[in-house]
Amino acid sequence: MNNVQPSPFVIAEAGKCIGCKACELACFAVHNDHNGVVAAVGTVTVPVIPRLHVIRTESFTLPVQCRQCENAPCAEACPVQAIRREEGTIVIHEESCIGCKGCAMACPFGAISLYKAYSNGKVVPQIQLKERQHSAMVRSAKVIAYKCDLCRTRDHKDGAMGNVPACVEVCPVEALSLVHPDTSVSRSRTAAAMRL
């Protein structure tokens with residue numbers, strides 16, 4: 001029997017989350033260095049587009065993000081193979097994404113959103129698609145899918161793999177954690193055995 005190595009993912013505890021959205025801002029900063037965003041006031045010239053979203057109900061707040069599904073229904077739904085598993089993470093290749101919304105509709109967690117694409121602080125235009133604005137035809141903005149990639153391209157302080165994503169790192173109440181399913185299952189089994 002071959003063991004499948006489950007992918008790590010970020011999970012949130014609703015009982016701890018205070019809805020401060022520090023996780024959203026940290027996510028946005030990590031994924032927008034190509035737009036000139038750094039940890040300083042005045043560097044944000046594009047809309048804040050995080051890859052996780054804090055939802056608020058009458059009884060709780062909770063960030064929702066990608067679970068890095070083993071069978072990835074988003075990848076199954078993608079007609080251009082823009083979504084792939086790379087080093088245990090489900091990744092959207094933005095340059096290949098056609099903004100068809102298939103992945104967002106297939107995601108059982110609502111973890112994928114579509115927004116305009118930005119590069120160097122400017123909207124990325126469609127190559128061919130134009131729309132009428134007033135009396136002129138102008139190029140439409142390219143729209144792409146965004147979702148958590150576990151900060152896979154983030155420069156970690158010590159350069160080591162396996163560091164925690166930015167959202168987990170900045171949460172002031174430790175409501176977010178990076179879960180490695182194989183380790184968690186081992187801990188659960190050990191804890192259950194200790195109770196016997």
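Guide: Buried means under 20% relative accessible area, exposed means over 50%, and partly exposed lies in between (1.4 Å probe, protein chains only). This is a predicted model: local features need pLDDT of at least 70, side-chain atom pairs count only at pLDDT 80 or more, and totals for chains, interfaces and linings use all residues. Residues are numbered from 1 along each chain as its sequence is written, and side-chain values use heavy atoms, with hydrogens and water left out.

Visitor: Why is Glu70 called partly exposed?

Guide: Its relative accessibility is 37%.

Visitor: What makes Arg85 and Glu70 a salt bridge?

Guide: The N to O distance is 3.9 Å. A salt bridge needs a side-chain nitrogen of Lys or Arg within 4 Å of a carboxyl oxygen of Asp or Glu, so the pair qualifies. Arg85 sits in strand E4 (residues 83-86), and Glu70 in the loop between strand E3 (61-64) and helix H2 (73-77).

Visitor: Why is the pair of Tyr115 and Tyr146 called tilted?

Guide: The ring centres are 6.0 Å apart, with 55° between the planes. Rings of Phe, Tyr and Trp (its six-membered ring) pair if their centres lie within 6.5 Å; planes under 30 degrees apart are stacked, over 60 edge-to-face, the rest tilted. So this pair is tilted.

Visitor: Why is Tyr146 called buried?

Guide: Its relative accessible area is 8%. Buried means under 20%, so Tyr146 is buried. Tyr115, at 32%, counts as partly exposed.

Key:
Helix = DSSP H or I, 4+ residues; strand = E, 2+ residues; numbered from the N terminus.
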